[in-house]
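Thank you all for coming; please bring up the model on your own screens, and I will talk you through it slowly.

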Amino acid sequence: MAKGNIVHEINKLKVQDDQDIIAYGGGTFVSSRIKYGLVNEFHSFVNLVAIGNGMPIFSELDKKQNLTLIKATSFNCGIVILHYTLARNS
């Protein structure tokens, strides 16, 4: 269980082992992790429904983050899974 500063705690986990850390959560949870540079990959499930509003996960960013599309998988039901990583500076 993480205690204290969540950025510090997640960064400690990231250097412990060479294993993935998977976090599921709503827009606010994800947005704050993106803001502090704690997300290296994005796996977004897109189920497009026109409802007139939604919860943006990138609302807390204060600078542009370039992403690279790794893979897009579509399903007959209309859902698309998009896999992005943070773009590397050349």
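Predicted model: local features only at pLDDT ≥ 70, side-chain atom pairs only at ≥ 80, totals over all residues.

Let me start with Phe58, which is partly exposed because its relative accessible area is 39%, where buried means under 20%, exposed means over 50% and partly exposed means in between, computed with a 1.4 Å probe and protein chains only. Residues are numbered from 1 along each chain as its sequence is written, and side-chain values use heavy atoms, with hydrogens and water left out.

Phe58 lies in the loop between strand E1 (41–46) and E2, where helices (H or I, at least four residues) and strands (E, at least two) are DSSP runs numbered from the N terminus. Together with Leu67 and Leu86, Phe58 makes up a nonpolar surface patch with about 220 Å² of accessible area.

Stepping back to the whole chain, we find 2 helices and 3 strands, and from the N terminus on these elements follow the order α-α-β-β-β. Of its 90 residues, 16% count as buried.

How are the strands arranged in the sheet? The 3 strands form an open sheet in the order E1-E3-E2, with antiparallel pairing, and two strands are said to pair if DSSP finds at least two bridges between them. E1 and E2 stand at the edges with a single partner strand each, so one side of each has no neighbour in the sheet.

Looking at the individual pairs, strand E2 (residues 67–74) is joined to strand E3 (residues 80–86) by 7 bridges, and Thr68 stands opposite Thr85 in E3. The hairpin of E2 and E3 has 5 residues between the strands, and there Gly78 takes a positive phi near 105°. E1 and E3, for their part, pair in the antiparallel sense over 6 bridges, with Ser44 having Leu82 in E3 as its bridge partner.

Finally, please turn to helix H2 (residues 27–35), whose buried residues are Gly27, Val30, Ser31, Ser32, Arg33 and Ile34. What covers these buried residues of H2 includes helix H1 (6–16) and E1, with contact meaning heavy atoms within 4.5 Å. Just after H2 comes Gly37, which takes a positive phi of about 70°.

Conventions. Patch = residues over 30% accessible without salt bridge, like charges linked within 9 Å, V, L, I, M, F, W, Y side chains within 5 Å. Areas by Shrake-Rupley, 256 points an atom, 1.4 Å probe, with all protein chains shown as cover. Salt bridge = Lys/Arg side-chain N within 4 Å of Asp/Glu carboxyl O.
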